[in-house]
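Student: Could you walk me through this model, with a few questions about rings and strands along the way?

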Amino acid sequence: MPAPFTGGCLCGAIRYEVGTEPVAFALCHCRDCQYVSGGEPAAVVIVPRDALKITKGSPKGFTVTGDSGKHVTRKFCAECGTPLFSDVEANPAIWVVKAGSMDDPSWLKPGLIVYTASAQPWAHMDPALPQFAKTPG
């Protein structure tokens, strides 16, 4: 996997760099991710917190309470609306990067599917991947 990798928003107002390989790549079917993605699961890359550096701009955040009872703040571009990453209070050691914001996500291969209990009946889920009704662990 390429490291470092870079990404940003559609309009170019926000740019970031991740200095290490992802810990995991998952497809998330939770209702919040469905809203953010427009209906499909969110393709998310888990990276260590200290590996993500914002190199241009300042994303806006929207905070909700997750299943853990702790906050999840989704960061996005205030200009074009591109979803960028999530800050998960329940796991402060990571960032959850939206794969669609990466400059080249073509090398990613999903490793698991989460929140299958919230998936829409029409959602395709690869039966070869590990699947979890919520998040594992």
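**Rings, charges and a sheet**

Tutor: Happy to, and keep in mind that this is a predicted model. Ring pairs join Tyr 16, Phe 85 and Trp 95 into a cluster.

Student: Is the pair of Phe 85 and Trp 95 stacked or edge-to-face?

Tutor: Let's look at the planes of the two rings. The angle between them is 70°, and planes over 60 degrees apart count as edge-to-face. The centres are 5.3 Å apart, and the pair of Phe 85 and Trp 95 is edge-to-face.

Student: Is Trp 95 buried or exposed?

Tutor: Buried means under 20% relative accessible area. Trp 95 has 12%, and Phe 85 has 1% and is buried too. So Trp 95 counts as buried.

Student: Which residue lies over the face of Trp 95?

Tutor: Here we look for a charge over the ring. The distance from the ring centre of Trp 95 is 4.4 Å, and the residue is Arg 49.

Student: Which strands stand at the edges of the open sheet?

Tutor: The seven strands follow the order S6-S7-S8-S9-S4-S3-S10, with mixed pairing. An edge strand here has a single partner, so one side of it is left without a neighbour in the sheet. That describes strand S6 (60-65) and strand S10 (112-114).

Key:
Residues numbered from 1 in each chain as written. Predicted model: local features only at pLDDT ≥ 70, side-chain atom pairs only at ≥ 80, totals over all residues. Heavy atoms only, no water. Phe/Tyr/Trp six-rings, centres within 6.5 Å; stacked < 30°, edge-to-face > 60°. Buried < 20%, exposed > 50% of the residue type's maximum accessible area, 1.4 Å probe, protein only. Lys NZ or Arg CZ within 6 Å of the ring centre and 35° of its normal. Pairing = 2+ DSSP bridges. Helix = DSSP H or I, 4+ residues; strand = E, 2+ residues; numbered from the N terminus.
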